[in-house]
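Q: Hi! Could you walk me through how some of the helices pack here?

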Amino acid sequence: MTPTSSLHKDSRPLKYKNLMINVLKMSFVGSILYWLAASGRLDFNQLKILLKNPTILVANIALWLFAYLILGAFRWYLLLRGQGLILNFLQVIRLQLIGFFFNTAIPGAVGGDIIKAVYVIKGLQSDRKTPAMLTILLDRIMGLAALFYIGAFSILMSLDFFLSQPVLLPLVIFVLVGTIASMLGICWVLFINDKYDFIARLTKKKFPGVNTLAGIYNAIKVYRAKPIVILQTLLIGITIQGLAVSYGLFLTQSLTGLTPNPLKFCAVYAVAVMTTALPLAPGGLGVGHVAFEKLLLLINVPGGANIFNVMVLVQLILNLLGFIPYLNFKSQNLQGSDQAVSLDITPKSSY
């Protein structure tokens with residue numbers, strides 16, 4: 001038996017295991033969607049509103065193009081520059097599109113991030129791998145922090161209402177704790193004096209995994225000299241989520257005829273969107289439907305599953321456009337400030 005055939009044989013159990021896991025995940029998602037449809041909570045006929053009211057479709061496409069693609073790519077672009085990885089913005093746009101495609105093709109909302117990381121790291125020198133990976137992780141963290149901040153602001157501006165509803169108390173605690181934790185984390189990274197930085201001292205100890213921890217933390221500390229980058233990315237994240245909330249309000253009014261309180265809507269919307277990151281199905285299908293249905297009912301807005309359905313299905317279709325740059329991306333040299341960074345990202349069947 002040749003080494004190659006042995007390798008293929010050894011990899012089969014892992015492939016079968018991954019296949020079974022994905023089948024179980026999709027079965028679970030399918031059962032959720034069936035239950036929602038059978039119980040009357042999800043009406044696929046609502047999608048006809050995209051034809052009856054083209055403004056909804058145009059606004060959804062505009063949200064995807066300007067907020068998620070362009071502003072999202074610019075946020076990552078700034079984080080890359082903060083690490084000295086000066087990529088061409090068009091190149092970042094293409095990688096963002098490829099990430100969108102794999103977010104749709106792979107269950108969950110993080111598959112595209114993994115692909116982007118593989119593509120960027122593939123052509124970077126070994127000592128640049130950790131910073132490149134970190135930018136993708138921080139891009140996600142900044143987006144999540146923006147959701148927390150929008151939710152916390154909305155809760156604090158309507159605190160009497162949220163405190164008067166016991167059923168909303170877990171939501172209030174979750175959002176406020178997440179907000180405080182993210183603020184403390186950002187302040188620690190940017191402003192802590194080296195004298196009190198116990199994490200830096202910890203990375204100098206001798207124990208398994210310390211080198212990896214040190215590499216990650218040292219890459220994070222790069223932004224300590226560039227706090228404006230973190231501020232910019234946070235503001236971009238808040239802008240993206242603000243635009244998404246505005247579209248959600250517009251869509252809710254169009255589908256239900258109701259005009260929910262914007263502050264209350266922002267708070268529950270932020271938490272509902274967080275659930276879509278669970279790695280079960282593309283775009284949070286199933287879980288997102290249930291989350292929007294249950295959470296919007298807390299503020300007396302029915303039809304949350306239909307609202308999410310119209311919102312996410314258009315974006316999933318647009319995400320498939322990332323297949324075009326995935327097929328056509330060729331090896332290129334990306335010029336950095338101090339060196340050329342070569343990326344060989346020709347598509348491979350293993351991706």
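Predicted model: local features only at pLDDT ≥ 70, side-chain atom pairs only at ≥ 80, totals over all residues.

Q: Great. At what angle do α11 and α12 pack?
A: Helix α11 (residues 227–256) and helix α12 (residues 262–275) meet at about 115°, and their axes are 10 Å apart. Helices here are DSSP runs of H or I, at least four residues, numbered from the N terminus. Axes are lines fitted to C-alpha atoms over the stretch in contact, with angles from 0 to 180 degrees between N-to-C directions.

Q: So how are α11 and α12 oriented to each other?
A: Roughly perpendicular, a label for angles of 65 to 115 degrees.

Q: Which residues make that contact?
A: α11 brings Q241, A244, V245, G248, L249 and T252, while α12 brings P262, F265, C266 and Y269. Contact means heavy atoms within 4.5 Å.

Q: And by class?
A: The contact of α11 with α12 has 7 nonpolar, 3 polar and no charged residues. Ala, Val, Leu, Ile, Met, Phe, Trp, Tyr, Cys and Pro count as nonpolar, Asp, Glu, Lys and Arg as charged, and the others, Gly among them, as polar.

Q: New topic: how do α3 and α6 cross?
A: Helix α3 (residues 54–82) and helix α6 (residues 129–157) cross at roughly 130°, with axes coming within 9 Å.

Q: What's in that contact by class?
A: For α3 with α6, there are 6 nonpolar, 3 polar and 2 charged residues.

Definitions and conventions: Residues numbered from 1 in each chain as written. Heavy atoms only, no water. Helix = DSSP H or I, 4+ residues; strand = E, 2+ residues; numbered from the N terminus. Parallel < 35°, antiparallel > 145°, perpendicular 65-115°, else oblique.
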